[in-house]
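Hello,

Please find the structure below. My notes on it come after.

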Amino acid sequence: MDAERLIALGRRALAESGTAQDIVAEAWQAQALAQAIGSRLALCGPLELRGEARGLSEVGEYPVWGADGPRAARLTEVADPWQTLAALGDLLGEVGIALVGVACATDEEALYWQCIEAIDAADESSDRVRGMLRRLAVRDGERARPPDPARGRAGPGRGRGASW
């Protein structure tokens, strides 16, 4: 399944979460998806993203999955890295907000610390996603530069293949 569809499923599932435990479970689903997208981009994404994508694939240690496993296991492609990363950033932001709400409302110490751990993972993943979006913006900005009149060719970034 395409990454953007999985992100949309995650956003919908987070919005429909009925309990604090459901929100925490959806936070870890989102983190697993971030890791899967990071792994995919590290292997076959734009060269500019591969290092940061590798880091994204290693963020967070989520709990043991039930019989269904993570939704992220259905990831088959990242068709548009820019759109995918932007949507993933939105999902991670929503996850962070939901987790802060749960952490502030609970009197249960174990749930509070689960939220804090998940917030840290979502925050680190968000930082990496923003970094990758910046790299793509720089790359695309270079490609949009006008030709260099002194050399009679386009500025930096032209001629490099975009393979992902």
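The notes cover the cysteines and then the cavity.

This is a predicted model, in which local features need pLDDT of at least 70, side-chain atom pairs count only at pLDDT 80 or more, and totals for chains, interfaces and linings use all residues. Residues are numbered from 1 along each chain as its sequence is written, and side-chain values use heavy atoms, with hydrogens and water left out.

Cysteines

The search of the whole structure gave zero disulfides (a disulfide being a pair of cysteine sulfur atoms within 2.5 Å). For cysteine 104, the closest cysteine sulfur is that of cysteine 115, at 9.2 Å, which is too far for a bond. Cysteine 104 is exposed, at 67% relative accessible area, whereas cysteine 115 is buried, at 0% (buried is under 20%, exposed over 50%, partly exposed in between, with a 1.4 Å probe and protein chains only).

Cavity

A cavity is a set of points on a 1 Å grid over the protein atoms alone where a 1.4 Å probe fits but cannot get out, and lining residues have an atom within 4 Å of a point.

The lining of the largest cavity consists of Leu6, Gly10, Gln29, Ala30, Leu33, Arg71, Ala72 and Leu91. Helices H1 (3-15) and H2 (20-44) are the elements that give two or more residues to this lining (helices are DSSP runs of H or I, at least four residues, numbered from the N terminus). H2 gives the most, with three residues.

Regards

Conventions
1 Å grid on protein atoms, 1.4 Å probe; cavity = no way out; pocket = protein on both sides within 12 Å on 5 of 7 lines; lining within 4 Å.
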